Amino acid sequence: MGHRLEKFYGRGDVVIIANPSFWPFAIHYRRLAPVVAYHVFDNYAAYPFIRLDQEVFVAKHVDLVFAVSRGIVDALQRRCGFQLPSVHVIPNGFPGSWLPPSIPSERQRLPDRLSEDFRPLIGVIGVISSRVDLLPILAAHDALPALRWLFIGPVYREVPGLAELQSSPRCRFLGALPYETLQPYFATLDAALLPLTDDDINPCSSPVRFFSQLPTGQPILYTGTCAQIAETPSLAYHCADGQALTATLKNLAATGFDDGRAEERHRFAMGCTWDQRAAAIAQALEAVLEARSRTPAAR
């Protein structure tokens, strides 16, 4: 297999394995690239079609592990039972083109698909699946009739509360849209909500929808458990249930959804672009390559 890989791809400085099913590369690319890394995006224990023994094999044979969250590293470490190689936690991010040089002085106009009087607008942007909890949203929807709700993303599962929200004239469901077209929707919201559950991969996830909302500074609320968001409590409001979500939204509405934290979110976002994430990975790889060049006999 190594000869075929060399024939088709040639030799390289680095190979990055991005899925446990690519485990043969951890062995067969060893003689074709001086550095082999594993970039892990999820806690694969939640995926029945992923063989965890293959992931353990990958982790055992690579030089570096890049993970999008500390929780994913901890889960992988528990499965492995041996000390992981050099670990770098590099969270998810967003396109740099979405980052304005400063906070916009006024909220961006709603896209043509929504009338401008469809406000105040609370946005839920992302997949609707078993990993989201819509019941707190339903409670806030019923308790706060002045609010309007926008849902963007495919529906992968009919979760409790979905049918009631879909039937409401105060909700709009736009379905799946290409990720690269979402920035105007993120930018126009009065507040964004991540309706996470307490289980599955959420506790150790790195939600792209969180980072995508940061650049223009609007309030962000989330339910359920996400350790990475909890690390920056000034950027997002944690709402344990529908009552807490209702109270937080009511308080934000009273301020015109200006909570005084927009600049802080924007400053944080300045360090979260995909280009900066890629640069951090490149820097770690270059450091290992440089060390290998000084000790050519080392693995």
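**A tour from pocket to strands**

Start at the largest pocket, which holds about 720 Å³ of space. A pocket here is an open set of points on a 1 Å grid over the protein atoms alone, where a 1.4 Å probe fits, with protein on both sides within 12 Å along at least five of seven lines. Its volume is the space filled by probe spheres set on the points, which are joined across faces, edges and corners.

This is a predicted model: local features need pLDDT of at least 70, side-chain atom pairs count only at pLDDT 80 or more, and totals for chains, interfaces and linings use all residues. Residues are numbered from 1 along each chain as its sequence is written, and side-chain values use heavy atoms, without hydrogens and water.

Next, select helix H8, residues 208–213. H8 gives the largest share of this lining, three residues. By class, the lining has 17 nonpolar, nine polar and three charged residues.

Move to the second largest pocket, with a volume of about 170 Å³. Select Ile103, Arg107, Phe257, Asp258 and Ala262, the closest to its centre among 14 lining residues. Five lining residues are nonpolar, five polar and four charged.

Finish at strands S3 (residues 64–67) and S4 (residues 86–89), which pair in the parallel sense over four bridges. Pairing takes at least two DSSP bridges. Ala67 has Val89 of S4 as its bridge partner.

Key: Helix = DSSP H or I, 4+ residues; strand = E, 2+ residues; numbered from the N terminus. 1 Å grid on protein atoms, 1.4 Å probe; cavity = no way out; pocket = protein on both sides within 12 Å on 5 of 7 lines; lining within 4 Å. Nonpolar A, V, L, I, M, F, W, Y, C, P; charged D, E, K, R; others polar.
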